[in-house]
Amino acid sequence: MLDWHRGRLSARRLSVLIAHLPRDSSVNRRLHGEAVEWGAAEHLLAAITDHLAAANWMTSVINGDPDEERPDYPDPVPRPGDAEDEPFPEAESAPEGDGGAPAPARGPSPGELRLFFS
């Protein structure tokens, strides 16, 4: 920074140096928080964990006693940047062409699961 201030380093060169800092640098940590600790592998592992939990939930709902209360849909693994106070996003309208039906906010019903797997 001192070289830039003294005129020995151009603003373009400084911006290139800052843009190519390592992912775990203090500048990136300050700008992006804990998201710098999450690479592709961590995101894939979180997705696998979420899918496995949903599959286990589906199995327990389908094979469970219909008279018993069904278990709650599993919460997803928290990811950097997720809203702390809202574990499930609100249902959003589907894009045009999909009939405009709202997306389910929780999980499919037992009837929908039976139709899907039969």
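**Entry 1: confidence.** I looked up the elements of the chain in this predicted model and found that helix H4 has the highest mean pLDDT (92) and helix H5 (residues 110-117) the lowest (62). Here pLDDT is the predictor's confidence in each residue, from 0 to 100, and helices are DSSP runs (H or I, at least four residues), numbered from the N terminus. Over residues 85-98 pLDDT stays under 50. Where pLDDT is low, the predicted coordinates should not be read in detail.

**Entry 2: conventions.** Residues are numbered from 1 along each chain as its sequence is written, and side-chain values use heavy atoms, without hydrogens and water. Local features need pLDDT of at least 70 and side-chain atom pairs 80 or more, whereas totals for chains, interfaces and linings use all residues.

**Entry 3: the aromatic pair.** I found one aromatic pair in the structure. The ring centres of Trp 57 and Tyr 73 are 4.8 Å apart and the planes stand at 75°, so the pair is edge-to-face (centres within 6.5 Å; planes over 60 degrees apart). Trp 57 belongs to helix H4 and Tyr 73 to the loop between H4 and H5, so the pair ties together parts 16 residues apart in sequence. Trp 57 is buried at 4% relative accessibility, while Tyr 73 is partly exposed at 22% (buried: under 20% relative accessible area; exposed: over 50%; partly exposed: in between; 1.4 Å probe, protein chains only).

**Entry 4: Asp 50.** I located Asp 50 in helix H4 (residues 40-63); Asp 50 is buried, at 18% relative accessible area. Beyond four places in sequence, Asp 50 touches Asp 75, Pro 76, Val 77 and Arg 79 (heavy atoms within 4.5 Å).

Key:
Helix = DSSP H or I, 4+ residues; strand = E, 2+ residues; numbered from the N terminus. Phe/Tyr/Trp six-rings, centres within 6.5 Å; stacked < 30°, edge-to-face > 60°.
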